[in-house]
Amino acid sequence: MADTSHCFYCQEDLGGKRFVRNQGKPVCIRCHTKFCANTCTECHRPIPVESKELSHKGKYWHEECFRCAKCYKPLAKEPFSTKDDRIMCGKCCSREDAPRCNGCYKAILAGTESVEYKGNSWHDECFTCYNCKRPIGSQSFLSKGSDVYCSPCYDKKFAKHCVSCKKLLLKASGKDEFYQPPGPGFGKGVNVVNYEGSSWHEYCFNCKKCSLSLANKSFVTKGRDILCADCGNK
């Protein structure tokens with residue numbers, strides 16, 4: 001672009017040279033870059049007139065600097081979003097807004113299978129039993145404090161078992177207490193005998209020597225053995 005005038009800043013003769021006008025005043029390319037060019041928001045360097053410039057909400061970027069603030073994907077020809085004055089691609093913006101997994105602390109993206117419990121969220125594969133570490137999935141589970149257990153592990157760890165037959169005696173409720181609902185193998189009206197911190201099915205509470213049922217009968221102890229009065233006196 002030819003002109004016989006001089007650069008407004010350095011007074012260089014612009015005859016036959018390329019220049020631009022800034023607010024109507026002729027400016028050589030060198031002075032335009034130094035005094036008039038917009039500053040790139042990313043690299044903080046001036047954007048020369050010969051470079052492709054991108055702008056958004058009063059901010060400017062070199063084309064190559066207009067990238068996602070998270071993954072650095074070039075966004076000059078891609079859709080983008082803004083969050084807290086940062087430019088981000090749609091995928092990273094979704095990650096920013098997504099809830100965080102209470103297990104791995106990574107984002108739970110929309111459409112991902114997840115579990116919500118007591119105000120927290122997990123990826124399906126991160127919601128695991130505290131004891132066996134296996135994903136709970138669609139199984140039933142119980143909690144103890146802040147820990148979550150699958151039902152088999154909870155019963156194994158917290159439920160009471162009969163001292164004699166070792167089978168499940170009182171099923172754990174998951175509420176830091178125990179209860180005894182009828183269930184397979186228990187029958188109806190199965191009573192429990194408790195003695196000095198140990199428990200038995202009523203039908204398992206028998207004399208160690210003669211196997212006499214001691215439910216509702218007097219008994220004696222020798223070491224760990226429970227004996228009827230007759231066997232205990234022998």
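Is phenylalanine 66 buried or exposed? Phenylalanine 66 has a relative accessible area of 4%, so it is buried. Please keep in mind that this is a predicted model.

Phenylalanine 66 has an aromatic partner. With tryptophan 61 it forms an edge-to-face pair, 5.0 Å from centre to centre and with 70° between the planes. Tryptophan 61 has a relative accessibility of 6%, and the cut-off for buried is under 20%, so tryptophan 61 counts as buried too. Over the whole structure, the search finds 14 aromatic pairs. Ring pairs also link Tyr117, Trp122, Phe127 and Phe141 into a cluster.

Now the chain as a whole. It has four helices and 17 strands. Of its 234 residues, 31% are buried. The chain exposes about 15500 Å², and 48% of that comes from carbon and sulfur atoms. Among contacts with a separation of 6 or more, residues 24 or more positions apart account for 14%.

Next, the cores. Which residues have the most contacts inside the largest nonpolar core? They are Phe127, Cys129, Ile136, Tyr149, Cys153 and Tyr154, in a core of 14 residues. Strand β10, residues 147-150, and helix α3, residues 151-158, each supply at least two residues of this core. A second, separate core has 13 residues, including Cys40, Leu54, Ile87 and Cys89.

Serine 151 has 14% relative accessibility and so counts as buried. Its side chain is joined to the side chain of serine 140 by a polar contact of 2.9 Å. Apart from neighbours within four places in sequence, serine 151 is in contact with Ser140, Phe141 and Leu142.

Now helix α1, residues 29-36. Its buried residues are Ile29, Cys31, His32 and Cys36. Seen down the axis of α1, these fall within an arc of 155°, so they line one face of the helix. As background, an α-helix has 3.6 residues a turn, so residues three or four places apart point the same way. The face of α1 turned away from the buried side carries the exposed residues Arg30 and Lys34. What covers the buried residues of α1? The cover includes β1, residues 19-22, and β2, residues 25-28.

Last, a residue in a loop. Phenylalanine 205 sits between β15, residues 198-201, and β16, residues 219-222. At 2% relative accessibility, phenylalanine 205 counts as buried. Which residues does phenylalanine 205 touch, not counting residues up to four places away in sequence? They are Val193, Trp200, Leu212, Ser213, Leu214, Ala215, Phe219 and Ile226. Between phenylalanine 205 and asparagine 194, eleven residues apart in sequence, the C-alpha to C-alpha distance is 9.7 Å.

That is the end of the walk-through.

Key
Residues are numbered from 1 along each chain as its sequence is written. This is a predicted model: local features need pLDDT of at least 70, side-chain atom pairs count only at pLDDT 80 or more; totals for chains, interfaces and linings use all residues. Side-chain values use heavy atoms; hydrogens and water are left out. Buried means under 20% relative accessible area, exposed over 50%, partly exposed in between (1.4 Å probe, protein chains only). The arc is that of the directions from the helix axis to the C-beta atoms. Contact means heavy atoms within 4.5 Å. A nonpolar core is a set of buried Ala, Val, Leu, Ile, Met, Phe, Trp, Tyr and Cys residues joined through side-chain atoms within 4.5 Å. Accessible areas come from the Shrake-Rupley method with a 1.4 Å probe; for residues, only the protein chains shown count as cover. A polar contact is a pair of N or O atoms within 3.5 Å; within protein, one must be able to donate a hydrogen and the other to accept it, and residues adjacent in sequence count only if both atoms are side-chain atoms. Rings of Phe, Tyr and Trp (its six-membered ring) pair if their centres lie within 6.5 Å; planes under 30 degrees apart count as stacked, over 60 as edge-to-face and the rest as tilted.
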